[in-house]
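These are my notebook entries on one protein structure. I set down what I looked up, entry by entry, for a reader who is new to it.

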Amino acid sequence: FSAKSVSAYLKNQQRKLDHETLYNYLNALQASFILQRAPRYDLKGKELLQTNEKYFLMDISLLHALQGYQPSLIAGMLENVVYTELCRQGFRVYVGKWADVEVDFVAEKEDRRIYVQVCYRVDAPATLTRELAALKDIHDNYPKYLLTTDDLITGSYDGIQCVHICDFLMEDW
């Protein structure tokens, strides 16, 4: 989630919370190892942006403890798991921004970079096109991956590797 989405939710609930207070709470949750912040990275300008970062749970079981298991949250949970694994393997992980498009992760380690898009199911042609479009617009030679739970979507699409999420998570990057 992003601080902006939390703020919008609270506003929708007719609750007022100063942005500075919200960021203080988020910083406290980071300091207690409940959340981890992924800064937003502008792929065109090659710079870190100060706003619209995303926050990920350090332990996804906290979500289940608070809300119970909800199948509708699988897509977000998969994204959270990929983020956590990339961090565990020593990558610096960012949320990519390219014009109006978001790339789920830009992961850097030493002189390597990978781009990762996570999508629970891409069985609909429109979904596959949308998920690939975010990566197609990046014109450099770093590897690009679309991770999914679909067994039938594998191989390369215009240089973008479509990989089952389990296979990706089992790799040592």
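I began with a definition: two strands pair if DSSP finds at least two bridges between them. The strands themselves (E, at least two residues) and the helices (H or I, at least four residues) are DSSP runs, numbered from the N terminus.

**Entry 1. Ground rules**

I worked from a predicted model, in which local features need pLDDT of at least 70 and side-chain atom pairs count only at pLDDT 80 or more, while totals for chains, interfaces and linings use all residues. I numbered residues from 1 along each chain as its sequence is written, and side-chain values use heavy atoms, with hydrogens and water left out.

**Entry 2. The whole chain**

I listed six helices and eight strands in the protein chain. Read from the N terminus, their order is α-α-β-β-α-α-β-β-β-α-β-β-β-α.

I then looked up the dimensions. The C-alpha trace spans about 45 × 40 × 30 Å along its principal axes.

For burial I used relative accessible area: under 20% is buried, over 50% is exposed, and in between is partly exposed (1.4 Å probe, protein chains only). By this rule, 41% of the 173 residues count as buried. The protein chain exposes about 10300 Å², of which carbon and sulfur atoms supply 54%. These areas come from the Shrake-Rupley method with a 1.4 Å probe, and for residues only the protein chains shown count as cover.

I also looked up contacts, meaning heavy atoms within 4.5 Å. Among contacts with a separation of 6 or more, 48% are between residues 24 or more positions apart.

**Entry 3. Strand β8 and its partners**

I asked which residue of β8 is the bridge partner of Lys144. The partner is Ile160. Lys144 opens the range of β6 (residues 144–148), a strand that pairs with β8 in the parallel sense over five bridges.

On β7 (residues 155–157) I found antiparallel pairing with β8 over three bridges. Here Ser156 has Gln161 of β8 as its bridge partner. β7 and β8 form a hairpin with two residues between them, and Asp158 in the turn has a positive phi of about 50°.

β8 (residues 160–164) is largely enclosed by the rest of the structure, because four of its five residues are buried.

**Entry 4. Strand β5 and its partners**

I next examined β5, which is mostly covered, with six of its seven residues buried. β5 pairs with β4 in the antiparallel sense over five bridges, and Arg112 in β5 is the bridge partner of Lys109. β5 also runs parallel to β6, joined by four bridges; one pair I noted there is Val118 with Leu147 of β6.

Is the residue Glu110 buried or exposed? I found Glu110 exposed, at a relative accessible area of 70%. Glu110 lies in the loop between β4 (101–109) and β5 (112–118). The hairpin of these strands has two residues between them, and Glu110 takes a positive phi near 55° in it.

**Entry 5. Another positive phi**

For background, I noted that most residues other than glycine have a negative phi. Phe33 has a positive phi, near 60°. I located Phe33 in the loop between α2 (19–31) and β1 (35–42). Phe33 counts as exposed, at 65% relative accessibility.

Where is Ser2 placed? Ser2 lies in the segment before α1 (3–12), and at 16% relative accessibility Ser2 counts as buried. Leaving aside residues up to four places away in sequence, I found that Ser2 touches Glu53 and Lys54.

Pro39 is in strand β1 and is buried, with a relative accessible area of 14%. I also checked Pro39 against Tyr145: they are 106 residues apart in sequence and 20 Å apart in space, C-alpha to C-alpha.
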